[in-house]
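Visitor: I have a structure to go through with you. Could we take it piece by piece?

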Amino acid sequence: MHQHIEVEPPREPEPEQSPRPPRPEPILEVRDLQKLYPLTRGVVFRRQTGAVRAVDTVSFDLARGETLGIVGESGCGKSTVAKLLVHLERPTSGTIRYKGEDVTKLSGRALKAVRRNIQMVFQDPYTSLNPRMTVGDIIGEPFEIHPEVAPKGDRRRRVQDLLDVVGLNPEYINRYPHQFSGGQRQRIGIARGLALNPEIIVADEPVSALDVSVQAQVINLMEKLQDEFDLSYIFIAHDLSVVRHISDRVGVMYLGRFAETGTGEEIYEHPTHPYTQALLSAVPVPDPAAREQRERILLYGDVPSPADPPSGCRFRTRCWKAREKCAREVPALAVPEEFRGRSGPAAHPSACHFAETLPLARPAPQHVRQGGPSDPYGSGETPEPGGRRDG
Ligand SMILES: Nc1ncnc2c1ncn2[C@@H]1O[C@H](COP(=O)(O)OP(=O)(O)O)[C@@H](O)[C@H]1O
Ligand code: SF4
Ligand SMILES: [Mg+2]
């Protein structure tokens, strides 16, 4: 049996400490954000028996006009981050600064004013729109809470403008959601998100429920609107390929934390975290020659429960590179030591003790290293597959 020694996670250093050009003043600064959902037992005397660590120390900045893509498998905490950002949930700890002010402490009118500026677009255009309301009422509903944005007599015209902006016929204002296709419904969801003239839109898997051909149209629309209205986006997806074009920077999440963050070039061309490398190896490559060359990294095993995450590195039960140190020490999200002081695209934050670039296009190795839940340090003694590369 191996030892499980829990150590206090090191405080994550401020992100973006690599030698790179200064970025514009952030509109949103998130630090050490944490959301734990208590697990309780008993009906009369409810006792807390533990907690689901849905979001566990997440930090990032969002600059004005920027898009941060957040990617990760189902259950890794993406929607919880989104809900915390738009104040549908209160964090257990951590801060969310909007234009320098910590909004987690706000309430009443001050909170209402901030909420107006940070709007959400939801994943499922089939269930997020009330089927009994007309499109006009759905898009105009936010005006009921913020009448100052559109006085009553002006609302119909405002809603028609919004329909036009998202590429729908303004004459559809009295139709019901079921009279629209999936892509059109997502346009309605986006129009509603725009109604209050927000500065930030948090889009939680806005295209995941749509056909691939429609996905591109909705993403193009969102890019157009971003320029037109000077919007900053948090764009969430479970697939790295979806956020590639729209994102200026990408954060890859695993079990409530960021595994790796960086620009598109850093994440897609020079990933250093094994989890990102595995996700990327599964992204389809159009060029047959490159496909032939590429090594596919298959991840075995399920994502562990966020109620009982592995000690040390949370990815270690599925990582083919895991060693003893990975169970002992929580890797901080920082530029890895060997890349520090360098200016190349490999020098970006990666929460891995053994971060290294992996040539993604190369022939499959003769010997496949294996490691898994029963062999978390990759000693090779118990060759039970937990993570495997194949050709
Ligand atoms: N209200 C809640 N109560 C308890 N657990 C929750 C709640 N909401 C989410 N979770 C759990 O938190 C984890 C993260 O969920 P979520 O943020 O929805 O992930 P994602 O959007 O990446 O699929 C999951 O394990 C989920 O079951
Ligand atoms: S090598 Fe270790 S620290 Fe890096 S991802 Fe794998 S288990 Fe985590
Ligand atoms: Mg989700």
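Visitor: Which residue of β8 does V71 stand opposite?
Guide: V71 stands opposite A237 in β8. Please note that this is a predicted model.

Visitor: In which sense do β3 and β8 pair, and over how many bridges?
Guide: Strand β3 and strand β8, residues 232-237, pair in the parallel sense over five bridges.

Visitor: What about β3 and β9?
Guide: That pairing is also parallel, and it runs over four bridges between β3 and β9, residues 249-254. Within β9, V250 is the bridge partner of G69.

Visitor: How many residues of β3 are buried?
Guide: Five of the five residues of β3, which spans 67-71, are buried, so the strand is largely enclosed by the rest of the structure.

Visitor: Which of them point which way?
Guide: T67, G69 and V71 point one way from β3, while L68 and I70 point the other way. In a regular strand, side chains alternate between the two faces of the sheet.

Visitor: Changing topic: which residues have the most contacts inside the largest nonpolar core?
Guide: They are A191, V202, I234 and V252, in a core of 86 residues. The element that gives the most to this core is β2, with six residues.

Visitor: Now the ligand. Which residues are around ligand 1?
Guide: The residues around ligand 1 include Y37, V52, A54, K78, S79, T80 and P306, along with G72 and the run S74, G75, C76 and G77.

Visitor: Which element gives the largest share?
Guide: That is α1, with three residues.

Visitor: How does the shell divide into nonpolar, polar and charged residues?
Guide: It has five nonpolar residues, six polar residues and one charged residue.

Visitor: Last topic, α5. Which of its residues are buried?
Guide: In α5, residues 155-165, the buried residues are V159, L162 and L163. They cover an arc of only 100° around the axis, which puts them on the same side of the helix.

Visitor: And which are exposed on the other side of α5?
Guide: R157, D161 and D164 are exposed there.

Visitor: What do the buried residues of α5 pack against?
Guide: They pack against α3 (135-140) and α6 (182-194).

Visitor: What follows α5?
Guide: G167 follows α5, and its phi is positive, near 85°.

Notes: Residues numbered from 1 in each chain as written. Chains lettered and ligands numbered in written order. Predicted model: local features only at pLDDT ≥ 70, side-chain atom pairs only at ≥ 80, totals over all residues. Buried ≥ 20, exposed ≤ 12 C-beta atoms within 10 Å, placed from the backbone. Helix = DSSP H or I, 4+ residues; strand = E, 2+ residues; numbered from the N terminus. Arc of directions from axis to C-beta. Contact = placed C-beta atoms within 7 Å. Near = placed C-beta within 6 Å. Nonpolar A, V, L, I, M, F, W, Y, C, P; charged D, E, K, R; others polar. Core = buried A, V, L, I, M, F, W, Y, C linked by C-beta atoms within 7 Å. Pairing = 2+ DSSP bridges.
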